[in-house]
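User: I would like to go through some labels attached to this structure and hear what each one rests on.

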Amino acid sequence: MAQTTRWQQHVDYTMDVNLDVNTHLFNGTQKLVYTNNSPDTLTTVYYHLYFNAFQPGSMMDERSRNIEDPDSRVEDYISKLSEDEIGKIYPTSLQQDGQDISYIVVGTILEVELAKSILPHSTTTFDMAFEGQVPLQIRRTGRDNKEGIDYSMAQWYPKMSEYDYAGWHANPYVAREFHGVWGNYDVSLTLDSRYIIGATGILQNPEEIGYGYAEPVKHKKKKPLTWHFKAENVHDFVWAADPDYVHKTVQVPNGPKMHFFYQEDSVTTETWPQLMETTPKMVAFMNQRFGKYPYSDFSVIQGGDGGMEYAMATLIVGGGSYAGLMSVTVHEMFHSWYQGVLATNESLYPWMDEGFTTYASNITKAYLTNSEKDPQSGSYRRYYYLVEKDKQEPLTTHADHYNTNWAYGTASYSLGSMVPAMLEYIVGTDNFEKAFRKYFNTWQFKHPNPTDFRRVIEKETGFELSWFFNDWIGTTHHVDYAILNVDADGINTKVELANIGTMPMPTEALVTLTDGSTKIYYFPLRMMRNAKTEFGETDTILVEDWPWTNPTKTFIIGQPIEEIKSIELNINKRVPDIAPSNDIWKNE
Ligand SMILES: [Zn+2]
């Protein structure tokens with residue numbers, strides 16, 4: 001498929017950071033070589049300063065105290081942090097190409113007035129010194145998480161905002177999504193030598209470190225240790241540190257090497273080795289079905305709260321059952337495909353990250369547990385419940401701006417995972433599976449948007465799909481098809497179907513005869529410009545197209561009504577039909 005002429009910015013970070021594990025204060029230097037590949041001249045730039053969200057009165061604090069359904073991990077906790085518990089990050093000096101430049105810290109954003117404009121297709125270097133304080137962990141990042149992990153260092157450094165064809169994306173942080181610039185990271189972390197670090201990238205000095213990266217090394221107690229990591233072609237850098245971590249590795253045949261960092265207790269000594277044993281089978285399936293994970297390493301690190309995705313790593317809670325641990329690991333690792341490698345702007349299109357990740361993890365978990373159930377059925381259930389309670393907001397809503405956490409969560413995870421689940425129904429499962437892989441292979445490292453996704457799927461499957469995306473993403477229209485009438489028509493039977501919803505879909509009616517035989521009558525939508533061919537074992541009759549403008553459709557079954565046992569719409573339940581009761585007719 002032809003590439004678009006889309007440009008993207010590029011960053012090269014070199015950071016040198018010292019953390020004092022007694023005061024939780026850190027300081028560092030950051031050299032950022034920034035390449036402006038845009039056709040625009042830039043006169044300002046913006047950095048994210050996420051740690052400043054953990055201060056009483058921050059936008060994240062206000063949002064959590066005013067939304068009707070606050071996250072139970074946040075609630076009003078930020079407002080109660082004391083001075084030595086809050087998060088802080090701020091520059092102490094900033095230069096552009098050796099010249100001091102002015103800046104102001106506005107909450108979680110650093111606004112920078114440039115000394116000289118960055119011309120199109122040119123490079124400039126920012127040298128920053130910065131200081132910070134690691135907050136007590138409230139959400140995702142910080143010190144002393146609930147399981148006793150000392151440092152979960154996510155979104156911890158001054159991070160350049162993304163600038164793209166839609167302009168700057170300097171969203172004030174309110175605990176939702178992240179977006180970053182593609183680039184390379186060279187990070188040196190210096191701290192107490194008793195601490196073991198799991199991080200993004202590849203450790204450059206394993207023989208000085210030991211700790212499961214190489215043969216054990218005897219470290220001097222009082223002397224700090226410097227860990228040197230490099231990561232190429234990523235848009236973020238995470239690390240976590242604890243003196244009680246064990247670090248184990250599993251090499252998946254054909255890659256990647258998996259690292260596991262956890263604290264041993266009576267639960268984790270059972271569950272984590274079990275997870276490590278499942279890993280080769282799990283990752284082989286993920287690679288084969290959804291496209292190959294492109295990095296050499298991935299780290300599963302106990303830390304944070306719940307599970308959260310980062311470049312080449314995840315922070316997850318480590319206690320709990322094996323099933324829960326496996327499930328969260330599969331989900332968070334799949335973010336490497338959709339958040340890590342495709343790196344869609346999650347604030348604008350969270351459904352393309354959380355949704356696709358949920359869809360792929362559902363399939364993988366079903367594979368690992370030999371489940372026969374439709375792996376996507378839970379998403380449909382959550383969607384119906386949201387509609388029933390009248391809380392749905394369209395998927396075009398900016399992630400930060402959904403009215404409730406519930407609507408955001410259900411939209412991103414459930415309605416998002418229903419996009420590929422419905423596409424399977426519309427174009428056929430095999431047809432979609434190939435196209436979905438093609439999307440990953442075509443758009444990796446390029447920040448695709450919804451149009452990019454639609455174009456690949458249309459081109460690979462041969463279906464016109466804008467009608468589907470327009471309605472499902474851009475509106476809260478609902479699907480509702482019904483069986484209106486079934487009447488004798490001489491020696492035949494006449495069936496009248498109705499489209500009483502506001503979103504069209506191709507329709508399938510399963511007719512079961514009294515002798516037990518079955519037939520599917522299939523009505524493609526005219527505007528799809530195609531019809532699927534994949535119906536499994538059942539005989540299928542392709543009936544003429546059903547234009548969306550027509551409220552009803554009549555078809556004839558070549559059997560007398562006495563020989564018909566039942567007629568059923570939405571057989572595999574992949575159509576999000578909000579009124580299933582009118583989908584079935586029984587000859588009683
Ligand atoms: Zn997720």
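User: What makes the crossing of α3 and α4 right-handed or left-handed?

Analyst: α3 passes α4 in a right-handed crossing. A crossing is right-handed if the near helix is turned clockwise from the far one by less than a right angle, and left-handed if anticlockwise. Helices here are DSSP runs of H or I with at least four residues, and strands are runs of E with at least two, numbered from the N terminus. The model is predicted: local features need pLDDT of at least 70, side-chain atom pairs count only at pLDDT 80 or more, and totals for chains, interfaces and linings use all residues. Residues are numbered from 1 along each chain as its sequence is written, and side-chain values use heavy atoms, with hydrogens and water left out.

User: At what angle do α3 and α4 pack, and how far apart are their axes?

Analyst: Helix α3 (residues 268-290) and helix α4 (residues 322-341) pack at about 35°, with axes 10 Å apart. The axes are lines fitted to C-alpha atoms over the stretch in contact, and angles run from 0 to 180 degrees between N-to-C directions. Contact (heavy atoms within 4.5 Å) involves, among others, W272, M282 and F290 of α3 and L325, M333 and W337 of α4. By class, the contact has 14 nonpolar, 5 polar and no charged residues. Ala, Val, Leu, Ile, Met, Phe, Trp, Tyr, Cys and Pro count as nonpolar, Asp, Glu, Lys and Arg as charged, and the others, Gly among them, as polar.

User: Why is the arrangement around the zinc ion called irregular?

Analyst: The 4 donor atoms subtend angles of 52 to 154°. Four donors count as tetrahedral if all angles lie between 85 and 135 degrees; four count as square planar and six as octahedral if opposite donors are over 155 degrees apart and all others between 65 and 115; anything else is irregular. The arrangement is therefore irregular.

User: Which atoms are the donors of the zinc ion?

Analyst: H331 (NE2), H335 (NE2) and two OE atoms of E354 coordinate the zinc ion at 2.0 to 2.7 Å. Donors are N, O and S atoms within 2.8 Å of the metal (3.2 Å for Na, K and Ca); water is not among the atoms, so sites may look incomplete. Along the chain the spacing is H-x3-H-x18-E. H331 and H335 are about one helical turn apart because they are 4 residues apart in α4.

User: How do you know that β24 and β25 pair?

Analyst: Two strands pair if DSSP finds at least two bridges between them. Strands β24 (residues 481-489) and β25 (residues 492-499) run antiparallel and are joined by 8 bridges. V486 has V495 in β25 as its bridge partner.
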